[in-house]
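Please examine the sequence and the structure shown below. The briefing that follows is grouped by topic.

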Amino acid sequence: MKDPSNRLSSWDIEEDCCHWAGVVCDNFTGHVCEIQLQSPYYTDSPAITFAEYEAYMSHKLRGKVNPSLLDLKHPQYLDLSSNDFEGTSVPSFIGSITNLRYLNLSDAGFRGAIPPQLGNLTKIHYMDLRGGFDDHNELVLHSDGNLHWLSGLVSLQHLDMSGIDLSKALDWLQVTSNLSLLVELHLSYS
């Protein structure tokens, strides 16, 4: 990943990763349980100054998400929201982080199809995949035809797929209505 604002300067291989910025470890086991790398919150309030907007943009992580995340065996929380992964695909390997209970990839600059491997996250409670629009006002994330992969998310309580092109996903109503624990579903601009 590219880190233009040096947010990850504490990520020194010589140091205990539990002291790294954005990493939370379990106090008892010492395992990494949370990765909180969301970009600092930004509001599109008309009162924001250009300097504030520039500062926000400079704090975004960029590039690609490294599959070395799979070396971590116990993360339950992964937040990469509001970064700029420069139009790369949502990494399918995230579906192999099977202990995840929280996943937030919203507004992170991903492009393309939502990988069905996310259906392997059977312990997930919260999933935010919210997409957005490109310069031509077209949705940047889409479904490749069906959302059957959602049916494996038996613990899912919150799902946000706003801003994702679901025009080819004719089964979205059937699949989401079978998620018995689902309390919140967001599909605006989909």
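Which residue takes a positive phi in the hairpin of β1 and β2? It is G30, with a phi near 80°, in a hairpin that has 6 residues between the strands. This is a predicted model, in which local features need pLDDT of at least 70, side-chain atom pairs count only at pLDDT 80 or more, and totals for chains, interfaces and linings use all residues. Residues are numbered from 1 along each chain as its sequence is written, and side-chain values use heavy atoms, leaving out hydrogens and water.

**Strands**
- Strands are DSSP runs of E with at least two residues, numbered from the N terminus, and two strands pair if DSSP finds at least two bridges between them.
- Strands β1 (residues 23–25) and β2 (residues 32–36) run antiparallel and are joined by 3 bridges; V23 has I35 in β2 as its bridge partner.
- Strand β3 (residues 77–79) runs parallel to β2, again with 3 bridges, and Y77 in β3 is the bridge partner of E34.

**Aromatic pairs**
- Rings of Phe, Tyr and Trp (its six-membered ring) pair if their centres lie within 6.5 Å; planes under 30 degrees apart count as stacked, over 60 as edge-to-face and the rest as tilted.
- The whole structure holds 5 aromatic pairs.
- One of them is the stacked pair of Y77 and Y102, at 4.1 Å centre to centre with 5° between the planes.
- This pair links distant parts of the chain, with Y77 in strand β3 and Y102 in strand β4 (residues 102–104), 25 residues apart.
- Y77, Y102 and Y126 form one aromatic cluster.

How values were computed: Helices (H or I, at least four residues) and strands (E, at least two) are DSSP runs, numbered from the N terminus.
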